[in-house]
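Me: Could you walk me through this structure, one question at a time?

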Amino acid sequence: MGRESAGQVLAANLRALRERAGLSLSEVARRSGIAKGTLSQLESGAGNPTIETVFSLSNALSVPVSSLLTERLDPEVVLVRSRGLEVLSSNAVDLRMLRRMDLTETVFELYDQRVRPGEVQRSEGHPGREHVVVTSGVLRVGPPDSPFELEAGDYVCFPARQPHIYETVGGPVVSVLLLEYPADAGPPALGGSCATPQPE
């Protein structure tokens with residue numbers, strides 16, 4: 001999916017989710033902290049949303065990020081080419097969604113994640129848990145005051161609702177990010193271990 005068609009997918013999903021929730025553009029703007037004019041552009045398929053914008057919309061609409069970015073198809077075989085994926089960028093991180101998986105009680109969103117050196121990606125927290133596997137480079141990730149340092153092949157999972165950072169140690173980092181949400185609600189209230197989703 002190219003950038004133009006990906007923008008159309010976001011536009012259609014944003015409009016459908018907003019209307020399903022019975023929310024005006026003004027109300028979504030208030031909840032998300034995103035200007036009404038920017039939301040109007042996104043719904044028309046224009047604009048270039050950042051990671052922060054998409055997560056803000058996810059929180060405002062109480063839906064997983066993938067509900068905004070995934071075209072709803074049901075093929076038996078799923079093949080995703082990285083060169084055609086929409087890229088969500090921030091100062092330090094580029095994310096490409098590879099797949100959304102709706103399981104019995106849990107939604108998983110799978111991302112190709114690239115972290116650039118020289119910048120720190122800071123998050124105040126968002127719903128779900130983050131599972132991270134580094135495939136090349138060295139990544140510092142997790143709570144700002146006690147982050148984990150991951151080398152190629154290392155894995156960590158942590159509650160994403162707490163503040164966390166992403167920062168390279170040396171050169172660029174290639175990693176896999178798996179976001180986890182409960183399927184029967186919007187963004188979750190987190191609890192329990194990373195290994196097993198806990199009932200709300």
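Reply: Happy to start with Ser62, which sits in the loop between α4 (51-61) and α5 (65-69). Helices here are DSSP runs of H or I with at least four residues, numbered from the N terminus. This is a predicted model, where local features need pLDDT of at least 70, side-chain atom pairs count only at pLDDT 80 or more, and totals for chains, interfaces and linings use all residues. Residues are numbered from 1 along each chain as its sequence is written, and side-chain values use heavy atoms, with hydrogens and water left out.

Me: Is Ser62 buried, partly exposed or exposed?
Reply: Buried means under 20% relative accessible area, exposed over 50%, and partly exposed in between (1.4 Å probe, protein chains only). Ser62 has 41% relative accessibility, so it counts as partly exposed.

Me: How many residues of α4 are buried?
Reply: Among the buried ones are Ile51, Val54, Phe55 and Leu61. The helix α4 is mostly covered, and its buried count is 8 of 11 residues.

Me: What is the average pLDDT of the protein?
Reply: pLDDT is the predictor's confidence in each residue, from 0 to 100. At least 70 is reached by 83% of the residues, and the protein's average is 81.

Definitions and conventions
Helix = DSSP H or I, 4+ residues; strand = E, 2+ residues; numbered from the N terminus.
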